[in-house]
Amino acid sequence: MHSDMPYYEQALAFACGADSLPAIVTLPQQPGPRGVLVIVGGPQYRAGSHRQFTLLARSLAAQGIPVMRFDARGMGDGEGTPRTFEDIGADVRAAADCFMQAVPGLRDIVLWGLCDGAAAAMLYGADDARVSGLVLLNPWARDEGRLAKTMLKHYYLRRLVDPALWRKILSGRFDVRGSAASLAEQVRKVLQQTPSAAVTVTALPDDLLSVHAAPAAVPPPAPPLGPRLYAGLQRFHGPVLFVISPADMTAMEFQELAGSTKAWRKLMQAPRITRRELPGADHTFSSRAWRDQVAEWTGQWLRSW
């Protein structure tokens, strides 16, 4: 324990199947009953880019909130085969088990995730009664058609009114042919958003899509991510905090998804959902000011319910 700090850190290891995973628990001297479990997006490990997760854990612990961060299988120092954010449910459950054992007074857990860590939290949260809340930063919602639409709407249109672009064009330093080809490719992707022959797409009453694989010799394609994120968030009934970087392309994609249907818009307007935007921030909130703002918002939100 650091004598000048109101918290201490403890290294742990826990089992997920046959694999051993490392974790760091940051504990206040007097831990509160609600803890934060950080889900690390890949490829990443428990410290986070520019030590974001380490600094977040210490900031929250100084406020009396215990925090645990861990490496999933195949990431960082975690044993086992690497897997995507869609396949780490067992890792998260094993980590939650470890967290509850390490902090006996823990009553409930809030999942905190950035990018695909946020998407993993949305997919998992409703399936674990111990999870009382979600903090979701710039959630991953990648879809090639939606990415193309987002780039057309936010990147290319914004570039057209950028004086720096026109200075490059007038000076002859702009690759008009290459840029035109890139724009044409994005338009093509938007216009050709049609289901493959092996998939039947039907509209649900709530505007979402349900994907049913037609009989085939090969495994059916995975359902689109967007409807699964919606289903996970809809089934989860606890409070949710979204922290969005408006200029980040990943965040723009998620915002396109969240505004794409009446069902999504209604869900995002629910009283249990809080949205915070940090203009100018990049995807990982890499500056100290951005990082500190995220930690402050997280702590305020955790104390509000």
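What is the accessible surface of the protein chain, and what share of it belongs to carbon and sulfur atoms? The surface comes to about 15000 Å², and 56% of that belongs to carbon and sulfur atoms. The model is predicted. Its protein chain has 305 residues, of which 45% count as buried.

**Overall fold**
- The protein chain contains 10 helices and 10 strands.
- Among contacts with a separation of 6 or more, 68% come from residues 24 or more positions apart.

**Helix α1**
- Helix α1 spans residues 52-61.
- This helix is mostly covered, with 7 of its 10 residues buried.

- Q234 lies in helix α7, which covers residues 225-235.
- Is Q234 buried, partly exposed or exposed? Q234 counts as partly exposed because its relative accessibility is 38%, and that class lies between the 20% limit for buried and the 50% limit for exposed.
- Which residues does Q234 contact, leaving aside its neighbours within four places in sequence? They are L267 and R272.
- A263 is 29 residues from Q234 along the chain. The C-alpha atoms of Q234 and A263 are separated by 9.8 Å.

Notes:
Residues are numbered from 1 along each chain as its sequence is written. This is a predicted model: local features need pLDDT of at least 70, side-chain atom pairs count only at pLDDT 80 or more; totals for chains, interfaces and linings use all residues. Side-chain values use heavy atoms; hydrogens and water are left out. Helices (H or I, at least four residues) and strands (E, at least two) are DSSP runs, numbered from the N terminus. Buried means under 20% relative accessible area, exposed over 50%, partly exposed in between (1.4 Å probe, protein chains only). Contact means heavy atoms within 4.5 Å. Accessible areas come from the Shrake-Rupley method with a 1.4 Å probe; for residues, only the protein chains shown count as cover.
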